[in-house]
Structure formats: C-alpha cells, structure tokens
Amino acid sequence: MTQCRVGRAIVLLFGWYVITTEIAAQTNRFTLVGAIPIAAELIRAQSDRAYLAAAGTLTVVDISRPDMARSIGAYTFPDRIWGFRVHDGLAYVGADRSGLGILDVSGNATPTLRGSLKTPGQAKSVSVSGGVALVTDTVSGVDFVRVDDPAKPTLTGSGFLDGFSTDVVASGNVAYAADRPTGFYVFDLSKTDSFEPVGTTQSGVPNNTQRAQLEVLPESSGRRVVLLAAGGLLQLFDVTNPASPTLLPSFRTPGAALRIALRDHLVYVADGQAGLQVVDFTMPANPKIVDSFKTMTPARDVAVAGPLVLVALAGGDVLVLKEGT
Amino acid sequence: MRRVVVLTSLALTLLLLSHVEATDRWPQFRGPGAGVADDDPALPDTWSQTENVVWKIEIPGQSWSSPIVWGDHVFLTSAISSEKEPSPTRGLADPTAENGRMRSSASHRWMVYDVDFNTGKVRWEREIRNGSPPIARHTRNSYASETPVTDGQRVYVYFGTLGLIAALDLKGEVVWTKDLGPKESAQGWGMAASPLLHSGRIYVLSDNGVESFIAAFDARTGDEIWRAKREEFEGWSTPVVWENETRTEIVTAAAGRVRSYGVDGQLLWELSGMSDFGSIPTPVVSSGLAYISSGYPGSARRPVFAVRPGASGDISLKPGESGNQHIAWFQPLLGSYQTSGLAYRGHYYTLLDRGFLLCHDATTGKQVYGRQRLDVSASGFAASPWAYNGKLFALSEDGVAYVVQAGPEFKLLGKNSLDEMTMATPAIARGSLFIRTQSKLYRIAKATRP
C-alpha cells in the first residue's frame, strides 16, 4: 500500500512537471486546461467524450470539465487495438486477431461489447457509413460488414488491397483505403455486386506506419481531397474523379505527421517530436502551418472536440488544450 | 573373378533397393515436378478428416517441413519442445512491435521419422540432436521447417536452426553429420530453406545475419565440395536445380538478387528487382523457363520473372523494360509472399497468400484471369499449390484445400477440410496425397481404387 502511495505521488509530481513545462511551451492560441493521466496510443473525441486506446484497452473519458477529466470506464480486448472510430454512440474497433469489436460507449456506463466479428487476419481500422462497417484486415483487405444490428455484424464481402491494409475512411457512398507500402484505393459503396476498388493509385512515399490515417477534407469548389498521415509527409489525393485518384504534391510538416484530426479545413497534426502542428488546407495546393504547440514528449495522436484539442503524448498522458484566447 | 561377382551382386542389390518407379517417389520439397504430380485416377479430389483417409498419425512437436516419399518410406522431421510453445497464428501477419520474433529456451529434440507407407506405423524415429534452439524464429515459423531429401539410399535432413546436416540410411542409422553452426537471421525469424540433392551432392543455402553462403557437400561423406559467400542477410526460399539445354545450375531467389550458380559454385547470372525483403517462394522450373518470384506485401516490388536458359552476367531489367534477351516475361506485382508458383499445362498460377488465384500464360506472361478469391473466410495460404488430374489444389492455413479446375476459366470445384492449421506443402506419391497438419500426418487416397 505504501509503495502504491509513493507511486501515485511520483505520478502526480511527474504530471505536474509535464503540465508546467507544457504551459511554458504553449503558444498564444492554445491554453492548457487539463491533462488526462491515461496512456493513449490512439485518441478520438466527440462533444464531451474522449476515447483513448492503448494496447487492447479502450477507455471512455468525460471531458465536460476539461480540468477534471474523469474516466467513465474501459473495455479490454484480448488483442491490440490498431484503430477505431466512434459513430452514434458505438465505438467500432479494429482489434487485431479479435477482428471487429463494437462497443456501446453511449451514456455514462462502462463500455460494453455489443457485437464482434472475427476477420481473417489482423483487423486494423474501421469506418462506418450507411449501416456498413468497413474493416481493414491484413489478410482480406477491406471487409464490408453489415452492422444494422450491432449485435450481429455480418460479413457481406471483401475488397482486396495489395499491401498491408492500414486505414479506411468512408464518406457518403465512397470509401478510401490505404495500404503499406504505397497503395491508395477508392471503393464505391453504392455497388452491391462488387467489392473491388473502382480506382487506385500509388503514392510516391512509402507508408511506414501501422497506424496510418485517412481523412476526407471538406469539399471545396467541387473538389474532393483525401489526406493520408503515415509517419512522414502528409500525402494528398484528389479523388474528385473516384475512378482516377490523383496524387497531389505532399506537404512536409516539421515532424513525423503521425496522426491527424480535422476541423473544417484546419488539420491538426500529431507531429511526433515537433508536437502539435495546425495546417490550413483551405487551398490544398498551398497548405500553410498556422499554429503549433510544442510538447515535451512526442505527440502521437490528436483529436478535436468543440474548442478542445487533445494531444496524446508518447510515454503517457493526454494534454487537453483549449483553442483561442 | 570372385571380387567382380561380389561387386556386381552388391551393385545389383543397391540398384534393386533404390529402384522405385518415378510415381512412387516424392523425394524433395514440391517433388520432382515443382508441385505437379503425374495424373493418377487413384489420387483424391475429395477428403475430410475421415473420408478417403487411408491412415492418419499424430506427429509430435512443431514443424512445417513437408513429408517426402520413397517407395514404402515416408520421411518427415520435427522439433519437439519439452515445454508448451506459443501456437502459431493463422494468416499473414503485419509485424508487431516484437516484429514477430520469439526465442525459446526450452529443450528441443530434433527428430527424423520413417513412416510406413502402407500402415502409417512409424518404422523408426531418430533423434538427431537435443538442446535449446540456438537462434530465434518467427512465431509462425518452426524450428524444423526444412524439408528433407532422399535418393532412396539415404535420407538427408538439414536443420537450419542448428546449422546441421545429417544423412541417415533407410534403417535410421546416422551415416554422417556435418555441423555448419547455427546462424541467426537478421530479424531473428529463423530458417526454412530446404536442402537440394542432385547427382550425389547436397546443396545448402543459408542466408542469415552472420555469414550467408551456398555450399555443396558430398552426399556419401558430407565433405564440403565448395562454398560461395553471399551478401543476403535473410531468406527462406528453397533453391532449385535447373537442368536445361545448356547446363545444370542452382537457382537461388533472395531479397537482394536472384543468383544462379553452376554446379561448380561459379556465379552464372544474377538479377535484381525482387521484393526488398527476404524471399520465400521457391523458383519453379517448367517448359524451358525458370519462374522466380517474391511478393512481400509491404514491398513496392512483387515480381515474377520468367528466365530463359543460357543467361550470363547481370540480366536485370532496365527501368521500363518488361523483358530482355534472357527474361521472357516479367510481371511487377504478381508475386506472392510465401507460396511458390505453379506451372501446369501451359499456365502459370499464382496463389496469393491472402486467398486469391491468378492465371497467366506460362510462355508469354499474359494474364488469363485476374484475382479470383477462393474463400473470403480463409485466414491465409502458406503451403504451395499442387496439381494433378487437371485440377489445382490450394491448401489454406485453416487446413482447407480448395479444388480448382485447371485451365483458362476459373472454376472452384470444391473444398476439403482437415480442420487444423497447416503451413506445410503436401507430398504426392503412389496415388496418395500426404498432408501434414499441425499435429498429424494424413495419407489420403480414393477409398475405391479405380
């Protein structure tokens, strides 16, 4: 028990050290308003909830009081969580050999498993659109899973990716997937008779991370652009014509561009050693870094919820920043 | 005079002992026909854990080496741990933080078995060595993944984990051993390349992180005949002997370069452009071409090359080339990672690790049909495909064999499950199919012989 108290004291002191040093490093635009003392490899946020994943555990945190963030509960899968997305109170989790897991993360209760589906290989990430969960899997590519009834997810088909599939994101009737080393694929979700990509291209830069992330920028002037953060350059694909995705010039951030979060055309980049970078992609051909926040340890993921920006740091803790003065 | 008679008698005896019809033997990894067996109406199309099973026996330990057959002898190897080892996961693994590497400190016994073809009874078993494995391995690999070879007089086993070659006579007595020393692979994923046997010589390829080499040994004595150093630092591809119209050569596939050596160890030709990661598929020699492939999914290069005989020097393709004087055809993204190609009746088949079959014209490389998924629920494929009686067979890691009609039209004819993981490539001889699963060896043949 004594050892436990000593340990807690050390943790608190360390947390205080981190917080004070972060305050010293912050810019005018961000205010550090709290810290969540839970290690997170991945983080997502919606309204007053943050979702943190580390190893096989997904933890739901109440951030309605950012200065007093509170864990609501956690669920642990037998295998590592490689990626997840939250949709309508459900967390769709890519849990390695455990496949797709669907957690009920609504309300104030501990997350519970609503349903699961073992995919053939390692489930990596999930995106949901129109009652279909798209699951990237190292063996099958992208699995199309009906999730109208979350308790009974049903595999309807798979689309093949040449390399190691890493992430998928759905937007309306279209989904975009990426693999390692360089593949980028477009799927037409309105097709029910084919699960093959309708368009594909190769990026010029190898994707070297197992947790690459795709996000779709808001359409601008009829032009649709998808961003890929894969541990190096931020890669951009013009997908205005789904059958013919085109690689646009990449954007180099100061750091490693590990993960991203979007607020309209602002892209928040967990930039590794370079901390948090904010890049304005209003003009995808000419993105600009508009702000940054130095972190003492590498930033490995980022999420935005309302005015809050959450930054998961390597080695533990999630910083809660408030944007604006 | 008496000496001549004795010698003649001895020679005749040896000849009789070693005389086995070609269809009665499957003496090496993938057999004499690179996975293609002679047609035989006795060979099965359907089976299960009980249907068309002549016998099945438990094989202790963990090993992904293939069985081999010579007459009434079915040989296989295993590595038996004194402790429970982690069970291998099914399906292609994207390396995790541990990179898939594991090390066992448990004592192991490296074994050779001779199983009676007719009864399935173990005729003899021989422990070659025991102790802790000196090197690490991938969780999906085993410490006895190399398939033995036989000439009907001796069976030769190579345990890459130990760096040990052993020759045993057909009674299970060790004739000689050659200790080459264990060598850790660069990533600690272990060894798997099987030895070759040709014209009285054993060839061993060891691409490792210490001192890579290919070497030839006298099959009678184990004496080293020659050794050539190599630059590769890991690889699991079994080389192949290519007897072509110009010469006999040993073709090796590797991440850095494909290299072909003369039987004297001299480098004949080399070729760049393989996946930038260790190679696993064994080259395929068929109809005057050598098909060489590699296809690590995380590599931007996943080629299949069809090489003509008689090459010399560096025959690498220049950017934009799809062939040259020595390369009949080239497909940049066709290669599979673990399974070897299959050339059968004018077509070249590729079984992707993730359960797709593709067909190309074997001569021109033109696509006959593109990716055809065998089963969306299959967890992966590591065993190399085989063919007979106008059918192709693809054995999944789930122990399910998919039967596909050979030819230009893809048609899945059926599937046969043994309901246990396997990564070993089967053997075929005397109208029987030998499938090794994680714990068993099956002899499968039609119950009603035609």
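1. Let's start with a loop: A:Asp317 sits between strand 27 (308-313) and strand 28 (318-323) of chain A. Helices (H or I, at least four residues) and strands (E, at least two) are DSSP runs, numbered from the N terminus. The phi of A:Asp317 is positive, near 75°, and this residue is not a glycine. Most residues other than glycine have a negative phi. A:Asp317 counts as buried because it has 24 C-beta neighbours inside 10 Å. Here, buried means that 20 or more other C-beta atoms lie within 10 Å of the residue's own, exposed means 12 or fewer, and partly exposed is in between, with C-beta atoms placed from the backbone.

2. A word on what you are looking at: this is a predicted model, in which local features need pLDDT of at least 70 and side-chain atom pairs count only at pLDDT 80 or more, while totals for chains, interfaces and linings use all residues. Residues are numbered from 1 along each chain as its sequence is written, and chains are lettered from A and ligands numbered from 1 in the order in which they are written.

3. Now compare A:Asp317 with a residue in chain B. B:Ser199 also is not a glycine and has a positive phi, about 45°. Its place is the loop between strand 13 (196-198) and strand 14 (201-206) of chain B. B:Ser199 counts as exposed, because it has 10 C-beta neighbours inside 10 Å.

4. The peptide bond joining A:Arg180 and A:Pro181 is cis, with omega about 10°. A:Pro181 belongs to the loop between strand 15 and strand 16 (183-188) of chain A. For background, most peptide bonds are trans.

5. Strand 14 (residues 164-171) and strand 15 (residues 174-180) of chain A run antiparallel and are joined by seven bridges; two strands pair if DSSP finds at least two bridges between them. A:Ser165 has A:Asp179 in strand 15 as its bridge partner. Two residues lie between the strands of this hairpin, and A:Gly172 takes a positive phi near 65° there. Seven of the eight residues of strand 14 are buried.

6. Stepping back to chain A as a whole, you will find one helix and 28 strands. The C-alpha atoms fill a box of roughly 60 × 45 × 30 Å along the principal axes. Buried residues make up 51% of the chain.

7. Leaving aside residues up to four places away in sequence, A:Val86 touches A:Arg44, A:Gln46, A:Tyr51, A:Ala91 and A:Val105. Two residues are in contact if their C-beta atoms, placed from the backbone, lie within 7 Å.

8. Chain B has one helix and 36 strands. For its 450 residues a compact globule would have a radius of gyration near 22 Å, and chain B agrees with 21 Å. Of these residues, 52% count as buried.

9. Which strand order does the open sheet of five strands in chain B have? The order is 1-3-4-6-7, with antiparallel pairing. Strand 1 (25-26) and strand 7 (122-131) stand at the edges with a single partner strand each, so one side of each lacks a neighbour in the sheet. Within the sheet, nine bridges join strand 4 (residues 73-81) to strand 6 (residues 108-116), and B:Leu76 stands opposite B:Tyr113.

10. Next, look for the nonpolar cores, meaning sets of buried Ala, Val, Leu, Ile, Met, Phe, Trp, Tyr and Cys residues joined through C-beta atoms within 7 Å. The largest has 124 residues, and B:Val69 and B:Ala394 are among those with the most contacts inside it. A second, separate core of 99 residues includes A:Leu42, A:Tyr75, A:Val174 and A:Ala312.

11. Finally, how many residues does each chain bring to the contact between A and B? The contact takes 18 residues from chain A and 18 residues from chain B. On the chain A side, strand 13 (residues 154-159) gives the most, with three residues.

How values were computed
Rg over C-alpha atoms; globule rule 2.2 N^0.38 Å.
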